[in-house]
Amino acid sequence: MAEKGRTQAVSMTGSAPCKTVLVGVTGCIAAYKTCEIVRLLQKAGVRVKVVMTEHATEFVGPTTFRALTHETVAVGLFDDPSDPIHHVSLAQEADAFLIAPCTANVIAKIANGLADDLLTTTALATTSPLIVAPAMNVNMYENGATRYNIGKLHIRGVRIVEAGDGYLACGDVGRGRLAEPADIVSAVLEELGVRRDLSGRHVMITAGPTIEPIDPVRYITNHSSGKTGYAVARAAALRGADVTLVSGPVSLPAPEGVRVVRVRTAREMLAAASESFAATDIGVFAAAVADMRPKETASRKLKKGTADADLGTIELVENPDILATLAAGKRDGQVVVGFAAETDDVVANAQKKLATKHADLIVGNEVGEGRAFGTDDNEVWFVSAEETYDLPLMSKDRLADEILDRAVQFLG
Ligand code: CTP
């Protein structure tokens, strides 16, 4: 390991990697609005699973939610023969449980601990934050029994997103309309402890390796797994940013709520990153771009021992430096974060790259001998014009938040 510099305490407030929100849907005309809630949660970088009451399926079919979430949708207590205690596994998976819309009947049940279907049983088995967004006719909403039950839930720490005023499906005008989907989602994210400090900001990330073809079957690449770049993308989405992830070939799933532009070569990555960069507030260049590419790419497989295939002497040319190219033209207020993957002299090399690549921050780390590439955690230095310090070993998810915290300070 290289010499480490000043150690600085790091904040423990980072948002978690990928939160799962269980969304409960009950039998109310407002059930169609849950589709929008699901979409907004996904846009915020959250994984969503849906559980429905039988009555809810009369309003919106499970197929709709299955298509929106790409997850199975739970309805009956005994529907999943592979999981005999489905309510417990659903409850355990959830970082928060939102019931929206929640009918007077279901409010009454959960206020009194009744559990006679999968949704209410799961509510009883849930230890994570429970958020309830009621929707019903105005007289039902203002009925003393409902107010009493909502009060009971409130006292127990359940977050209530009160219904709004307006025109109700039954023709009445008054209180009982499901709250706005955006307000419900804000309440859920607040309960998850997610900071929304990147709301309205554009963040672009390059991630993964590039591959540079020699012929249709062979290529030059490196060991990058893309995990750090993907973690930054996920964290930025959770914190409210509009995120574009320009990704080389990796085997990671696209993070929720992130626009992924898939590329293969360094030149494709430069073209894709150039398109987004102008609108970007924070650019994080985490890709391990292949420095060189074969001068020529053969259109057919080169055969060993033939005149056209001197595989021992493939002529290479340098690839464009994506970070240096784009950061050279950065405008005021844009923040650029680069990386320095080094086997030796991490800090000195990172300081050099800070200057030559016009970055505001370089995240320096050691690579090789099982370090950094493909691992789930990393130990890095933060190098900027003002200061250089090291961070303790931490997960790449946590590191992603540290990088964004530092970038936000540069944004001012
Ligand atoms: N980078 C880039 N385009 C390249 C090479 C690197 O955008 N063609 C970016 C990387 O994404 C990273 C930073 O530049 O943010 C440093 O990358 P690194 O691989 O550490 O260094 P190189 O610039 O390739 O220099 P060297 O190989 O000499 O260390």
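Counting every side-chain nitrogen of Lys or Arg within 4 Å of a carboxyl oxygen of Asp or Glu as a salt bridge, we get 26 salt bridges. Keep in mind that this is a predicted model, where local features need pLDDT of at least 70 and side-chain atom pairs count only at pLDDT 80 or more, while totals for chains, interfaces and linings use all residues. Residues are numbered from 1 along each chain as its sequence is written, and side-chain values use heavy atoms, with hydrogens and water left out.

Take Glu342 and Lys353, whose side chains meet in a salt bridge at 2.4 Å, N to O. Glu342 sits in strand S17 (residues 335-342) and Lys353 in helix H12 (residues 346-356), 11 residues apart; helices (H or I, at least four residues) and strands (E, at least two) are DSSP runs, numbered from the N terminus. Glu342 is buried, at 9% relative accessible area, whereas Lys353 is partly exposed, at 24%. Here buried means under 20%, exposed over 50%, and partly exposed in between (1.4 Å probe, protein chains only).

There's also a network: Arg195, Asp197, Arg239, Asp401 and Asp405 are linked by salt bridges.

Now for the domains. An automatic or database domain assignment gives domain 1 (20-191) and domain 2 (202-411). Their centres, taken over C-alpha atoms, are 41 Å apart. Six residues from domain 1 and four residues from domain 2 make the contact, meaning heavy atoms within 4.5 Å. As for salt bridges between the two domains, the count is zero.
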